[in-house]
Amino acid sequence: MASEKVETVIAGNYVEMEREQSDAQTSAKSKLSTFLWHGGSAYDAWFSCASNQVAQVLLTLPYSFSQLGLLSGILFQLFYGLMGSWTAYLISLLYVEYRTRKEREKVDFRNHVIQWFEVLDGLLGKHWRNVGLFFNCTFLLFGSVIQLIACASNIYYINDNLDKRTWTYIFGACCATTVFIPSFHNYRIWSFLGLIMTTYTAWYLTIASLIHGQVEGVKHSGPSTMVLYFTGATNILYTFGGHAVTVEIMHAMWKPQKFKLIYLMATLYVLTLTLPSASAVYWAFGDNLLTHSNALAMLPKTRFRDTAVVLMLIHQFITFGFACTPLYFVWEKLIQMHETKSMVKRALARLPVVIPIWFLAIIFPFFGPINSTVGSLLVSFTVYIIPALAHMVTFASASARENAVEKPPSFLGGWAGSYTMNIFVVVWVLIVGFGFGGWASMLNFINQVNTFGLFTKCYQCPPHKA
């Protein structure tokens, strides 16, 4: 009887959402505008997940392979890809659980975007909300910083007349225009184009490296030290931890219950990009990658490389918006502007969020090493440990499991299998990701600071360019 009630609540609300979507289509100024701008289907969610998951990190994975070695690099990608898909699935279950409970209480979300910290608050209380809010916002803040650093790192390979710091100033101003994109509904065309861009770049890296062949005297000595090994592993942890925006993407869907396997499907596609490209570049350049965290730096300047650089720049602008939009929402709610109808007022209110991102990108321009540091200290908790723990605590009681909107599939062992996997995720990520990974990535990060200094003008540039 309880399950029937749940079904009714969900179906009723989704019908309303579909009606809204239909009305939007018929009343829009043009069908073309609606087609490009208003996304909410399962396909839109897949494009968003796949496009957001692999951005600038595509260029640093060969660097990680030089730290890990080829075999460990491949295995860690497969392992963390599956683990990331599992915790994204858990987040989707918790979102549906929270939303269903609230809709039984007649809460209307039509002018409100649900976020991860609100899910934790509604299911587990304010202490979970505060922890989730801290880790999620800090991760998204530094995720945005990394995209900005990547923009400066990439454009330098086309135009080195300006140093990377100056390019960071320029792209910071460009990325600030994302304040005008209302929500994840409006990333339809950008997500689609973003995935095409990363697909081109991945296959360019693969083919160009194979055609280039191995450099003279190439060595593949990885893994050479424990520090490098765990630094590389945490960069891959970061790679498949892009589901910090899962809740916002789900909320943008017309039928959020269809999300369950979307992240896994996105991950499988992403692996077809990351495995060949990282393997090919590492095969061609070997240990030389240890001092070149951006794979584009290894390949000769051609029109194909310049095309890859330009496409990645555009994609990083898109990914900056993906990472920053949830921060915009949090800020809007804090200053009580979230339900304001005027997009101009909301855009102006969002601008202060961009300033600290700009500043941090100038302080820590360490493209590559910063990924591992963020991965170990923030991603480990934000999208692995907290979702697994939250799922276990939410359904700890027999009544909660009995009345759960979505129950674990039987082929995974039901609740027992689910809890076993959750415990494994928590223990593994806590020890290997946060423990060893945090130790290694912090040592590597401190080494970058000691070598190049904070506010360095041109990180890893040739000496005469710095």
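Mentor: Let's start with a term: helices (H or I, at least four residues) and strands (E, at least two) are DSSP runs, numbered from the N terminus. By that count, the protein has 17 helices and 0 strands. The model is predicted, so local features need pLDDT of at least 70 and side-chain atom pairs count only at pLDDT 80 or more, while totals for chains, interfaces and linings use all residues. Residues are numbered from 1 along each chain as its sequence is written, and side-chain values use heavy atoms, with hydrogens and water left out.

Trainee: Thanks! Where is Leu90, and why is Leu90 called buried?

Mentor: Leu90 sits in helix α5. Buried means under 20% relative accessible area, exposed over 50% and partly exposed in between (1.4 Å probe, protein chains only). Leu90 has 0%, so it is buried. Across the protein, buried residues make up 59% of the 466 residues.

Trainee: Which residues does Leu90 touch, leaving aside those up to four places away in sequence?

Mentor: Leu90 touches Pro387, Ala388, His391 and Asn422, where a contact means heavy atoms within 4.5 Å. Leu90 and Ala390 are 300 residues apart in sequence, while their C-alpha atoms are 8.9 Å apart in space. For the protein as a whole, 86% of contacts between residues at least 6 apart in sequence join residues at least 24 apart.

Trainee: What makes Arg346 and Glu332 a salt bridge?

Mentor: A salt bridge is a side-chain nitrogen of Lys or Arg within 4 Å of a carboxyl oxygen of Asp or Glu. The closest N and O atoms of Arg346 and Glu332 are 3.1 Å apart, and the pair forms a salt bridge. Arg346 lies in helix α14 (residues 343-363) and Glu332 in helix α13, so this pair ties together parts that are 14 residues apart in sequence. In general, side chains of opposite charge can pair when their charged atoms come close.

Trainee: How do you know whether Arg346 is buried or exposed? And what about Glu332, buried or exposed?

Mentor: Arg346 has 11% relative accessibility, so it counts as buried. Glu332, at 0%, therefore counts as buried too.

Trainee: Which residues are linked with Glu332 in a network?

Mentor: Glu332, Arg346 and Arg350 are linked in a network of salt bridges. Glu332 and Arg350 meet at 2.5 Å, N to O. That pair links distant parts of the chain, with Glu332 in helix α13 and Arg350 in helix α14, 18 residues apart. The count for the protein comes to 9 salt bridges, including the one between Asp306 and Lys301, with closest N and O atoms 3.1 Å apart.

Trainee: Let's move to the loops. What makes the phi of Lys106 worth a mention?

Mentor: Phi of Lys106 is near 65°, a positive value in a residue other than glycine. Lys106 lies in the loop between α5 and α6 (116-124), and its 73% relative accessibility means that Lys106 counts as exposed. Gln336 also has a positive phi, of about 60°, although it is not a glycine. Gln336 is in the loop between α13 and α14 and, at 72%, is exposed.

Trainee: How many cavities are there of 30 Å³ or more, and what makes a space a cavity?

Mentor: The search finds 5 of them. On a 1 Å grid over the protein atoms alone, a cavity is a set of points where a 1.4 Å probe fits but cannot get out; a pocket is an open set with protein on both sides within 12 Å along at least five of seven lines, and lining residues have an atom within 4 Å of a point. The largest cavity has a volume of about 210 Å³. Of the 18 residues that line it, Asn52, Phe139, Gln147, Tyr238 and Gly242 are the closest to its centre. Helix α7 gives the most to this lining, with 4 residues.

Trainee: How much space lies in the second largest pocket, and which residues are the closest to its centre?

Mentor: About 430 Å³ of space lies in the second largest pocket. Of its 18 lining residues, Ser85, Trp86, Tyr89, Leu412 and Met421 are the closest to the centre. Two or more lining residues come from each of α5 (70-104), α12 (262-285) and α17, and α5 gives the most, with 6 residues.

Notes:
Grid points are joined across faces, edges and corners, and a volume is the space filled by probe spheres set on the points.
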